[in-house]
Amino acid sequence: MPSVSSKGLAHLLFFNYKMVEIPEIITLVLGVAGLFFVGANRQQLRKVPFFELIFFSYKILVVSWLLTVLEGFILGDILNLLEHVGYLLCSSLLAVWCWKTAFNDKGQRKG
Amino acid sequence: MNAAATVLLDATACVIIFFCIVLVSLRRKSIQLLDSSFILLLLAMAFFSLSNLLEWTSISNALDPYEDFLLPFMWSFWFFALLKKIQLIELERAHDELQISENRTRALLENLPQKIFLKDIHSEYLTCNKNFASDVEMVPEEIAGKTDYDFYPAEMAEKYRKDDHRILESGEAEEIEEKYFMNHREIWVHTVKTPVTDENGRAIGILGIFWDITERKKAEESIIRQNATLSGILEILDQTLTTVNDESLGSACLSVIEKITESEFGFIGETDKQKGILGFTAIRGRVWEACLLPDKSGHSLRSGEKLVIRGLIKEALDNKTGFFTNDPPAHPFATGIPDGHPELKNFLGVPLISADQTIGMIGLANRPGGYSTQEIEAVQAIAPVIVKSLTSKRAEKALRDSEENLRAYFNNLAVGTAQIDIKGHFVKVNNRFCGITGYSREELCGGMSPLDLDLPEERDIDFERITRFFKGEAPYNVEKRYVRKDGKIVWVHVTVATVRDDNNHIVFTAAVIEDITERKHAEEALKNSEERLRLAQQIARMGFWDVDMSSGELTTSEELVWIYGHNGIFPKTLKEFFDIVHPDDIPKIERLREEAMKDHHPFEYDFRIRRPSGEIRWIYNKGSAEFDAKGHPIRVFGINIDITERKRAEEALLANEERLRTILNSLADAVIATDTSGVVKSINPAAERLTGWRNGQALGKPMVEVFVIVDSDSGETVPDPISRVFHTGTMIGLASNTKLISRDGRKFHIADSAAPIRDVRGEITGVVLVFRDVTEEYGIREALRESEERYRLFYENSPFALLAVKSNILCNPNPSALKLYGISAKELKNTPPWELSPERQPDGCSSRDKAIYYIKEALAGRPQYFEWVHQRRDGSQFDAEVALTRIYLKGEPQITATVIDITDRKKALESLKASLHEKETLLQEIYHRTKNNMMVISSFLELQAASVENEEVDRIIHDSVTRIRTMSLAHEMLYKGRSLSRINMREYITDLGQLLSTGSGISPEQVRLQFDIEEIELLIDIAIPCGLIINELLSNCFKYAFPDQRKGFVAIGLSKIGEKQVEMSVKDNGVGLPEGFDIMQTDTLGVQLVTQIARHQLHATISVSSKNGLCWNIAFREDLYSERV
């Protein structure tokens, strides 16, 4: 493991940041609003097959947007990395949902 | 590295998204919820990932400004689209379900057997099911818009319309059963009409459901008819039970049938086939009244009348099922009707059949509307019942007649009979049974059972017997006792039998009793007689024997075997008999037996036998013989009695008499026994000694001659005690002062008693007199009596009050006590001592407490003597001296109180004390005056001395003054002291010493006075001489012992040196006496005074020593003089 000096670590942690991005903030607010919308209509949306998978995917995306905002203040590189990991997870879960929905009809509600 | 990773991540995400797009595109039809919104979302996601990838690969930032808001918008849009899609799907699903439900409902309605319709509020049909539509010959689709007027007659349609309005107005469902005619057919329907309302409760139409109930209605009518028929049958059956004869029953049956068939009239007839006629059992209605005989003498058709069988009647009888015609005149078998018979409009005839034989018929006529099969069926149903009822009624009558006969037979039987139900209660009893038991029929059949007639102690046995009988274990055929109602016992012979039904169940029990009381009494008497005889023989231990001399057969009773104790075997031959007889008695027996046979007289003797156990028994044999004409004995018979006990009793009696005689002879008391005539029969030695009569002399003598007694006081003869015993029949005692005069003239005081001698029957057979010499006791008793008399006299005549105190209560006062307390003996009774005392005694103590204390102390054995203030009933008080002493009377302690009135003594004492006080005062005054006089004399002398120039004279006067003062001082101490005759010597000598020291002119520092004086009080007769001696001796000391201002001391002592011996000493340490000087020989006045006073007044011994000064010792007795005050 390469040794990291305390000064370097502090720089890495607290000084390697960018400025606050207003669009990111707005994106986060819109994402959270979407969460509230889903929460309010969750009873009906639960009828969607494997809805919890979708909802979890969306929650990861919102967390990624949160990390995007936070990386402007702290741990920029790490949080950025985590943000993109979140994007990947979100996409993966969405793909899983598509696959399950397309090839498995057990989750279909019977009339 | 961070950028690379980011690029890698974004690239992966981008690839995944594109994969999704491809997948969705391929499987679009499989994903129900997929639509364009999701495609847009995927595109947005792809755009976003691509933008990131381009940005982080630094290829381009051109897409970056568009990525920010795109994704949240697209996600939200997709969620919204999903929501709407779901709602749409659900709506479609609900619609489908509704359609399915509607189809089901319609199918249900179409397939229901009921007819269903729906009308609007204007009574126009909206829809209906197929059944309803087919009912009005339409299809359901054609029914809409039609009204009831289109299907039904106007009046029906109007009624339906009104019903609809009423239901709509009331809002309540209605159920209606109604009929209508359709195609000339009567149809019954049950209609249910229900108002239909919208969600606001407003009526929007009427739902009607109705169904055909015609068959049900027909069934109901059939049931009603059958019910009427059954009611008729029941009524007939009821009449069967209640009517008294078959005619009444027939009339009742006819009435029922006429009522059921609504016929105007009818009849019930029975056929006589041999004669071919019909007899009327019942006939009613107008026929009876209108149809008269041609001669008008009576009714032609009446109950009991006969009618020839023909026409319609014959047809009905021949036809097994009966027939009816609603046009009789036109019937081919019609033969017309009798004169006066009402017109026959229709006719119904049903035969009465019993055991497949026609025995009669029921004829009915004139039913309004005519007859139908229903009426004939009803009559056919009832006809068998009528047959049965009539048959039963006639059988019942026959049975009743039979039962009447049986009852008469039953009641008049010579034996008592009873019928008992299965519960054990009498159901029926005959007269004889009542007569035997004494109970009425109502009482017996009112709940009594045979056990109630039993003796209480025999009920359990009888119950057990009955139980065994019912179990079949034993028959019930016993002789027993019943208790009649009047309490008398009656012997009965009871036989019981059960009556069972076909199932072998007991229906009832029949008991037959026969009064056998007289027979039982006879048997009882015979049995008792035999038993008494047997008992008598057993008690007397007597048995009989009988020998038939011709056959040698010996007959004995059971008791004889028992007497001989041979275990049931009695000797059969004479030899066997003699084997058990005691050998000593055999000769006697043989001799007596031979004599009897020879002399032809009875024989009797006692002899002994030896039982197998070895026991010897005494037998008394008495017998006699019967002889034939030739004098030969043909029969010898007799009795044997076991007299062993009697023999033993006789022996015991003899022994007892001997023992009694010995006791009598040993008694210290004299005993004389007489017979009823007063003649002496026995006398014991003690009586011989006191009376002076020897046994041989006294026996046979009259008692008054042997036993002479007189009154010791008067000397008169005392009444004969023997006669008194005979007179009173009880034991008596003589007076205590009876004196016996013996035959030789000696006299004894005796105490005696006489008692009757009774036999076993209680009758007096003699008198026994028991007496003894009490001369010595008499003397003691006399002395005691005299002592008691003396004590009584002393007690009653004592001047002192004497009382007893028992349990703190005064009792037994003597006359002096009553007089002292001024109280009667009755008043004194139950009075405690403190009630005769003031509440408190002079010392302040409670009289009650103090009295209880004294009594308690006295009871403890400590005699109490004290003074007590008493108080009489009148309130006056007196002082008394009381002495309490404990005594024992009959073992019980009590107090004897002696009270002496000391009021006078007290008064005298008070007076004496006052006098003494007065004298003491007077004496003190004398002493005081004496002292004053002496002081005056000494003062005169001192005045005189002052004028004398001669020193010698002056000294003499001064000495005299000193002596006078010495005596004066003694008197002063007397009147100041406690005693008027004794002087405290310590005070006296001390004061005297001080007086003399002061008067001598010598200072106390030069000559110191020392006193060693004991506490002694001496009479003035001794004290004054002592004072004068001390005066002289001290004066000498002060004058001569301490010259030249010599210092020293003078010691004065007074002490007891023995009993009543006192020694007085005066010692100084002065110059003492010159050598060879004998002070006793000197002639100085002082020394002479000392010696003279000591010797003559004190009779003292004087010793003087002169060693280291001078010392005077004077010893004298203190009791030289007696006290005078």
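Which residues in H2(A) meet which residues in H4(A)? From H2(A) come Glu24(A), Ile25(A), Thr27(A), Leu28(A), Leu30(A), Gly31(A), Val32(A), Gly34(A), Leu35(A) and Val38(A). On the H4(A) side, select Phe51(A), Phe55(A), Tyr58(A), Lys59(A), Val62(A), Trp65(A), Leu66(A), Thr68(A) and Val69(A). Contact here means heavy atoms within 4.5 Å.

A quick word before we move on. This is a predicted model, in which local features need pLDDT of at least 70 and side-chain atom pairs count only at pLDDT 80 or more, while totals for chains, interfaces and linings use all residues. Residues are numbered from 1 along each chain as its sequence is written, chains are lettered from A and ligands numbered from 1 in the order in which they are written, and side-chain values use heavy atoms, leaving out hydrogens and water.

**Stop 1: chain A**

Show chain A on its own. You'll find 5 helices and 0 strands, in the pattern α-α-α-α-α along the sequence. Helices (H or I, at least four residues) and strands (E, at least two) are DSSP runs, numbered from the N terminus. Of the 111 residues in this chain, 38% are buried, where buried means under 20% relative accessible area, exposed over 50% and partly exposed in between (1.4 Å probe, protein chains only). Take the contacts in chain A between residues at least 6 apart in sequence: 68% of them join residues at least 24 apart.

Now colour H2(A), residues 22–40, and H4(A), residues 51–70. Their axes are 9 Å apart, and the helices pack at about 155°. The axes are lines fitted to C-alpha atoms, for helices over the stretch in contact, and angles run from 0 to 180 degrees between N-to-C directions. H2(A) and H4(A) are therefore roughly antiparallel to each other. For the cut-offs, angles under 35 degrees count as roughly parallel, over 145 as roughly antiparallel, 65 to 115 as roughly perpendicular and the rest as oblique. H2(A) passes H4(A) in a left-handed crossing, meaning that the near helix is turned anticlockwise from the far one by less than a right angle (right-handed if clockwise).

The crossing of H4(A) past H5(A) is left-handed. Zoom in on where they meet: H4(A) brings residues including Ile54(A), Leu61(A) and Trp65(A), and H5(A) brings residues including Leu82(A), Tyr87(A) and Trp97(A).

**Stop 2: rings**

Bring chain B back and select one aromatic cluster: Phe51(A), Phe55(A), Tyr58(A), Trp65(A), Trp97(A), Phe38(B), Trp75(B), Trp78(B) and Phe79(B). Over all chains, the structure holds 36 aromatic pairs. One of them is Tyr605(B) with Phe607(B), a tilted pair at 5.8 Å centre to centre and 50° between the planes. Rings of Phe, Tyr and Trp (its six-membered ring) pair if their centres lie within 6.5 Å; planes under 30 degrees apart count as stacked, over 60 as edge-to-face and the rest as tilted. Both Tyr605(B) and Phe607(B) are buried.

Select Arg635(B), which lies over the face of Phe637(B), 4.3 Å from the ring centre. Then pick Lys647(B): its charged end sits over the ring of Trp618(B), 4.3 Å from the centre. Such a charge counts if NZ of Lys or CZ of Arg is within 6 Å of the ring centre and within 35 degrees of the ring normal.

**Stop 3: chain B**

Chain B has 33 helices and 40 strands, and 39% of its 1125 residues count as buried.

Go to strand E28, residues 764–773, and click Val767(B). Is Val767(B) buried or exposed? At 0% relative accessibility, Val767(B) counts as buried. Thr674(B) is 93 residues away in sequence, yet 5.2 Å away C-alpha to C-alpha.

Beyond neighbours within four places in sequence, its contacts include Ala670(B), Phe707(B) and Ile750(B).

Finish at Thr966(B) in helix H30, residues 951–976. Thr966(B) is buried at 0%. Leaving aside neighbours within four places in sequence, Thr966(B) touches Tyr988(B), Leu992(B), Gly1027(B), Leu1028(B) and Asn1031(B).
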